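Here is a brief structural report. The model comes first, and the notes follow.

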Amino acid sequence: MMRSSHYSAEKAELAQTPTLEDQKASASRNGDGLEVLETREWLDSLDYVLAKGGAERAGRLLQHLQLHARSAAGINLPFTATTPYQNTIPAPQQAPFPGSQEMERRIKSLVRWNAMAMVVRANRVENGIGGHISTFASAATLYEVAFNHFLRARTESGDRDVVYFQGHAAPGMYSRAFLEGRLPKEKLENFRRELKPGGGLSSYPHPWLMPDFWEFPTVSMGLGPLQSIYHARFIKYLENRGLKTSTGGKVWAFLGDGEMDEPESLGSITLASREKLDNLIWVINCNLQRLDGPVRGNGKIIQELEAIFRGAGWNVIKCIWGSDWDSLIQNDRDGLLVKRLGEITDGQYQKFFVESGAYFRQNLFGTDPRLLRMVEHLSDDRLSRMRLGGHDPIKVHAAYKAAVEHTGAPTLVLAKTIKGYGLGEAGEGKNITHQQKKLNEDELRMFRSRFGIPIPDEQLHEAPFYRPPDDSPEIRYMQERRKQLGGYMPERKVRSKPIKPVAESLFEEFYKGTEGREVSTTMAFVRMLAKMLRDPEIGKLIVPIIPDEARTFGMEALFRQVGIYSSVGQLYEPVDMDTLLYYKEAKDGQILEEGITEAGSISSLIAAGTAYSNHGINTIPFFIYYSMFGFQRIGDLIWAAADMRTRGFLLGGTAGRTTLAGEGLQHQDGHSHVLALPVPNLLAYDPAFAFEIAIIIQDGIKRMYVDGESVFYYLTVGNEPLPMPGMPEGAGVREGILKGLYLFKPSTKKDSKLRAQLFGSGAIMFEVLKAEEILESKYGVASDVWSVTSYKALYRDGNDCERWNMLHPGDKAKVPFVTEQLKNTDGVLIAASDYMKVLPESIAQWMPRPLVALGTDGFGRSEGRTSLRDFFEVDAKHIVLATLSALAREKKIESKVVQQAIKDLEINPEKANPAIS
Ligand SMILES: Cc1ncc(C[n+]2csc(CCOP(=O)(O)OP(=O)(O)O)c2C)c(N)n1
Ligand SMILES: [Mg+2]
């Protein structure tokens with residue numbers, strides 16, 4: 001009867017139960033070998049069914065058997081999410097390798113050599129400059145097979161594959177680009193020395209630093225996997241909404257096994273299966289090691305990941321053993337070998353990889369004489385060179401081919417490799433390998449000889465780069481392959497054309513004010529968004545993104561207006577169908593309602609905000625969220641967005657430590673604007689009025705989508721209903737709003753002796769306006785009221801001028817914007833905002849006189865706005881007090897006026913300091 005390896009998986013499972021001991025015991029019970037015989041008979045029968053009726057019939061039969069066992073005898077098979085420790089694709093089923101294996105091996109060796117040389121040379125020039133050799137060394141086959149056969153820079157339909165390269169495998173990508181003739185040797189010489197004349201190469205993928213090369217900054221682990229899922233989903237969104245016509249492109253992500261420990265890596269994998277993202281392929285390089293040591297020394301990372309991803313509904317392809325193992329596994333009639341392979345821990349495997357063939361034989365196969373017999377025809381040397389799946393192009397190719405052809409679910413390829421492959425004594429498989437940056441001459445010689453690089457001994461000590469001539473077979477082959485696949489990768493370019501400026505009329509209604517009607521800045525923004533969505537030019541490009549907070553922000557009207565995106569439409573009758581604003585899901589829905597995931601939502605913002613380059617589509621994302629759960633929760637993703645030249649708007653809703661009432665310590669944000677300071681290309685605004693928001697958004701769209709600037713925006717909006725004033729007349733207002741400061745309300749009391757300049761932002765602006773009235777009516781102080789829309793912009797501008805002046809001592813000094821604005825003012829300077837005091841203080845040095853800053857340093861409280869503002873000392877009465885106190889310090893009034901004011905204003909001078917209470 002025909003035997004095949006198809007069933008070694010099942011055999012291995014059978015072999016897992018019972019154990020050897022069980023078998024021995026049952027053999028003595030039932031007579032020698034009876035059970036073995038029985039098992040054989042069943043397997044033979046199954047093979048017969050398989051041969052006659054095919055895999056499907058055999059599968060149905062097994063299901064029947066299982067059901068019968070359950071109903072007849074209550075036998076419940078234990079749940080298992082894993083398959084045996086062997087390749088998912090059996091050798092007889094794997095697709096044939098289409099290229100020249102020999103040529104590709106030679107190319108791969110060249111890529112390996114130059115990648116290694118780049119790091120070794122860099123560290124010779126500058127000790128400690130770093131870089132990674134062992135990661136790419138373990139992943140070279142995974143990349144080369146992909147580059148030669150799968151990664152399409154352009155598909156027939158005009159689409160493209162999008163690739164997230166593992167960040168610290170970057171030397172391999174640079175090395176390949178060098179061989180392709182895309183990067184000159186000088187650049188490689190300056191790996192990790194970007195400031196050298198002519199520039200260098202960034203340590204890791206950074207689109208900000210290498211905007212023509214890298215697309216995705218992946219080295220902060222966990223962000224790449226997460227973003228790749230949302231990117232793949234966003235591509236489907238674009239297609240379902242008819243914004244993207246070319247189709248068929250894949251999103252590939254090359255990841256590390258250690259990287260899977262990051263919660264961001266695994267946190268969204270069910271979205272990928274739920275959304276049936278068959279355009280997504282993850283390749284996890286399971287070299288069993290991370291930086292310090294084994295990923296799962298006492299377990300098995302491949303099995304663990306298989307269980308997680310299969311459980312989540314992914315198509316999982318394990319690529320564990322190379323072709324050298326094929327005949328062993330095929331001849332493993334009773335699944336003994338696969339069972340044994342499944343018992344060994346990853347830590348032990350690592351030991352096998354660095355040990356001799358004799359050790360391997362004794363410890364892996366030596367547990368059972370039958371196993372030893374299986375390998376008796378193989379020498380120790382041969383055993384020690386048995387390749388793993390991730391180093392075998394045939395196996396890797398078969399896995400990728402199955403991955404790209406799979407439909408209905410995302411695919412995960414789990415490839416087993418050896419970290420530092422090829423480094424030999426210099427670190428192959430050793431715990432130190434991740435940190436290996438230098439090779440001595442012997443180690444270089446070994447590496448050179450192992451991979452057949454034509455570098456003579458006498459030059460070896462230099463670890464020179466090596467590139468064969470353009471017309472060499474290797475270079476011609478690799479160029480031809482890339483040509484077939486549509487061009488080079490990675491490559492970043494802006495694929496979209498600028499949009500036309502948005503009509504001013506869209507925003508004009510917001511310049512007028514609400515004539516006493518109270519609206520929050522959030523409401524004003526939402527109304528603006530609704531108008532933008534209706535605009536014939538930009539409407540379809542707007543992508544509203546919300547992490548389950550639409551009702552908080554009063555956005556539910558948009559559900560009905562533009563629909564919530566769902567790849568399957570709406571398969572149920574919504575409970576609120578009979579209401580006007582029902583929860584409408586649609587295949588072409590425009591809103592990305594992400595559920596409770598700020599990390600996922602920002603990933604959508606990044607996907608939408610980089611579509612101008614990735615897909616040539618100018619989508620304009622607006623991601624509105626609880627401002628507290630932005631910068632401090634997902635700051636690293638915002639940093640990545642900045643690196644990627646993402647365009648779009650972040651809206652910190654329910655902003656302001658005292659403006660968000662009731663919610664308390666973990667919700668009330670008084671520092672996101674401080675956390676926004678470090679992001680270099682982010683413009684941050686804390687607007688007080690609807691017209692300010694209108695001006696900022698209008699200008700933002702122009703700068704990003706008309707002028708093509710690599711900036712993005714952060715605006716805080718609050719939920720306190722307030723009467724929105726009209727925009728003041730005057731030429732400088734619009735400019736001031738954008739630059740960070742303008743005079744909102746000059747005092748009418750021109751000849752008052754007591755004067756103040758009051759600076760307000762966000763909702764606290766209204767406290768400042770109240771204070772201005774009290775100061776004038778009760779204390780005879782005339783105040784000009786300024787709106788500070790952006791301390792960050794003023795801080796940046798002040799430093800810019802300062803720096804320029806330092807560097808240009810002979811030239812006319814530049815004057816910071818804030819200095820220029822305040823030069824003809826007089827009186828004390830008082831600033832108040834719902835953010836930390838450090839924000840106004842950051843620009844104090846460019847103000848004409850000392851500044852007193854009021855702010856909300858400290859933990860929030862569950863309270864109403866009035867009490868909160870009293871507690872944090874940012875309400876009108878504290879602004880009055882601060883002004884009087886500053887006037888007393890200037891000897892403009894007597895201190896007893898201040899003492900009396902404290903009483904009159906009912907301020908408790910002994911109250912606890914909110915900054916730390
Ligand atoms: C968020 C984050 N934490 C830490 C690091 C530092 N780091 C760089 S590589 C590495 C180990 C990576 O192991 P693995 O994912 O298994 O990749 P391998 O090099 O083995 O392919 C660590 C901890 C990082 N880059 N990002
Ligand atoms: Mg690893």
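## Helix H21 and its cover

The buried residues of H21 are covered by parts that include helix H4 (101-125), H5 and helix H6 (170-179). This is a predicted model. H21 itself runs over residues 473-484 and has 12 residues. From first C-alpha to last, H21 reaches 16 Å, close to the 16 Å expected at 1.5 Å a residue.

Which residues of H21 are buried? They are Glu474, Ile475, Tyr477, Met478 and Arg482. Seen down the axis of H21, the buried residues fall within an arc of 160 degrees, so they line one face of the helix. The face turned away from that buried side carries the exposed residues Arg476, Lys483 and Gln484.

Pro490 sits in the loop between H21 and helix H22 (505-508).

## Helix H5

H5 is among the elements that cover the buried residues of H21. How many residues of H5 are buried? The count is 16 of 16, and the helix is mostly covered.

H5 spans residues 134-149. At 1.5 Å a residue, its 16 residues should span 22 Å; the end C-alpha atoms are 24 Å apart, which agrees. H5 also bends, by about 55 degrees at Ala140.

## The magnesium site

Three protein residues donate to the magnesium ion (ligand 2): Asp257 through OD, Asn287 through OD1 and Gln289 through O. Along the chain, the donors follow the spacing D-x29-N-x1-Q. Asp257 lies in the loop between strand S2 (251-256) and helix H9 (263-266), and Asn287 in the loop between strand S3 (280-286) and helix H11 (301-311), so the pair ties together parts that are 30 residues apart in sequence.

Are Asp257 and Asn287 buried or exposed? Both Asp257 and Asn287 are buried.

## Two residues, two separations

Asp643 lies in helix H27, residues 631-643. Asp643 has a relative accessible area of 12%. The cut-off for buried is under 20%, so Asp643 counts as buried. His206 is 437 residues from Asp643 in sequence, but the two C-alpha atoms are 6.3 Å apart in space. Leaving aside neighbours within four places in sequence, Asp643 is in contact with Pro205, His206, Pro207, Trp208 and Pro217.

Pro728 is in the loop between strand S15 (722-723) and helix H30 (732-739). Pro728 counts as buried at 19% relative accessibility, because the cut-off is under 20%. Again leaving aside neighbours within four places in sequence, the contacts of Pro728 are Phe691, Val733, Tyr742 and Phe744. Where does Thr345 lie relative to Pro728? Thr345 is 383 residues away along the chain, and the C-alpha atoms are separated by 72 Å.

Asp548 is not a glycine, yet its phi is positive, at about 50 degrees. Asp548 is placed in the loop between strand S7 (542-546) and helix H24 (556-562). With 43% relative accessibility, Asp548 counts as partly exposed.

Lys891 is also a residue other than glycine with a positive phi, near 65 degrees. The loop between helix H36 (876-889) and helix H37 (895-904) holds Lys891. Lys891 has a relative accessible area of 73%. Exposed means over 50%, so Lys891 is exposed.

## The whole protein

The protein has 917 residues, and 58% of them count as buried. It contains 37 helices and 20 strands. Its C-alpha atoms fill a box of roughly 110 × 75 × 55 Å, taken along the principal axes.

The protein exposes about 37,700 Å². Carbon and sulfur atoms supply 52% of that area. Among contacts with a separation of 6 or more, 77% join residues 24 or more positions apart.

Conventions:
Residues numbered from 1 in each chain as written. Chains lettered and ligands numbered in written order. Predicted model: local features only at pLDDT ≥ 70, side-chain atom pairs only at ≥ 80, totals over all residues. Heavy atoms only, no water. Helix = DSSP H or I, 4+ residues; strand = E, 2+ residues; numbered from the N terminus. Expected span 1.5 Å × (residues − 1). Bend = angle between axes of the 7 residues up to and from the residue. Buried < 20%, exposed > 50% of the residue type's maximum accessible area, 1.4 Å probe, protein only. Arc of directions from axis to C-beta. Contact = heavy atoms within 4.5 Å. Areas by Shrake-Rupley, 256 points an atom, 1.4 Å probe, with all protein chains shown as cover. Donors = N, O, S within 2.8 Å, 3.2 Å for Na, K, Ca; no water.
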